[in-house]
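Biologist: I have this chain open and would like to go through it with you. Can we start with how two of the helices pack?
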Amino acid sequence: MAMKRLALRAVVLCLVLVAAVKLLESRTERKQKLAIMDPGSFWHQGPKVKEAVTVHKSEVINSFLNWAQTPEVPDPPVEKGADTAPLETSKGPARIVHLDLKGAAPKVKYMKQIFPLFSSLGADGVLLEYEDMFPYHGNLTILRSPYAYSMEDIEEIKSLAKLNKLELIPLVQVFGHLEFVLKHERYFHLREVRAFPNSLNPHHPGSVALVKDMVSQVMDCHPDARWFHMGADEVRGLGESQDSKNWLHSNKGDVGKMFLNHAVSLARFITERSGVRVILWDDMLRKISPATIKGVMMRSPSSPNVLWID
Ligand SMILES: *[C@@H]1O[C@H](CO)[C@@H](O)[C@H](O)[C@H]1NC(C)=O
């Protein structure tokens, strides 16, 4: 019985790893798909696979800003002309296992078993998507699941990662996929679409305050993290709130720019707070023209952060 369960777990883990490797391998292929956005097709289906994109300085824009990266965060090695990935190890692109803690999160004692396995199968890190499993406290206590990890659990997860030489990357969604937040009546007023709990209305000042508080609590728990993932994929219904419609009306209907304004402001907050590098999924970015992306960056000379699409 126990053997059977163990075998099953091993199979599931292998699948997870294969998926992670595939994701990184398909990078070159998708690079060509990063074409100009057809404005009418913003919500059309993009390529299925999600890809992580790093937010960091671009050499071109950096020379305008004359800005130096915080020294404690080393630049990933860059080979000129090579297909470089934002997260790299000496062996090539980092292989990261994404643990989405939605729904049925593993217990710490299970992580004790699987982290060595991840490591022995060649993984370089673990992307920990907390959802409601983080022990949110203070004015965010309502967000924590009754089964949430304790602070001690998180300390243990961190030391397990260290022990197994796995880079731990926390993930907190800051835009879409906020069902676990927006399902609470207290936050109904922050929804982009009244009837749906997925996405945040980026124009409401309470929205930014809320995700900043969430990110801050999680970052405080991960002072050694070098990377922080802010999700930002599949922001369903963006543009549908009255606030967004008003904004779009006076901004040529540019949903891409609207997305970037929120994403970049959060990325800036995160990097400035602790010098980490920010990662986000690229499905939304792939629908935005490079010109729009550059435009948003250039408008904010105080910002050292530039979306760098690999
Ligand atoms: C929540 O509490 C934190 C810490 O006390 C505080 O900095 C923050 O402003 C509060 N947020 C809101 C929305 O009241």
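Modeller: Helices α7 and α9 cross in a right-handed way. Keep in mind that this is a predicted model.

Biologist: Which residues of α7 and α9 make the contact?
Modeller: From α7 there are Val208, Val211, Lys212, Val215 and Met219. From α9 there are Ser265, Leu266, Phe269, Ile270, Arg273 and Ser274.

Biologist: How do the residues of that contact divide into nonpolar, polar and charged?
Modeller: Seven are nonpolar, two are polar and two are charged.

Biologist: And what is the angle between α7 and α9?
Modeller: It is about 35°, and the axes are 11 Å apart. Helix α7 covers residues 205-221, and α9 covers residues 255-274.

Biologist: New topic. Where is serine 199 found?
Modeller: Serine 199 sits in the loop between α6 and α7.

Biologist: Is serine 199 buried or exposed, and why?
Modeller: Serine 199 is buried, because it has 26 C-beta neighbours inside 10 Å and the cut-off for buried is 20 or more.

Biologist: What does serine 199 touch, leaving out residues up to four places away in sequence?
Modeller: Its contacts include Phe175, Gly176, Glu192 and Val235. Phenylalanine 175 is 24 residues apart from serine 199 along the chain, yet their C-alpha atoms are separated by 5.8 Å.

Biologist: Which residues surround the ligand?
Modeller: Gly138, Asn139, Ala209 and Asp213 surround the ligand. By class, that shell has one nonpolar, two polar and one charged.

Biologist: Last one, for the whole chain: how many helices and strands are there?
Modeller: The chain has ten helices and nine strands. Of its 310 residues, 35% are buried.

Methods. Residues numbered from 1 in each chain as written. Predicted model: local features only at pLDDT ≥ 70, side-chain atom pairs only at ≥ 80, totals over all residues. Axes fitted to C-alpha atoms, helices over the stretch in contact; angles between N-to-C directions. Helix = DSSP H or I, 4+ residues; strand = E, 2+ residues; numbered from the N terminus. Left-handed = near helix turned anticlockwise from the far one by under 90°. Contact = placed C-beta atoms within 7 Å. Nonpolar A, V, L, I, M, F, W, Y, C, P; charged D, E, K, R; others polar. Buried ≥ 20, exposed ≤ 12 C-beta atoms within 10 Å, placed from the backbone. Near = placed C-beta within 6 Å.
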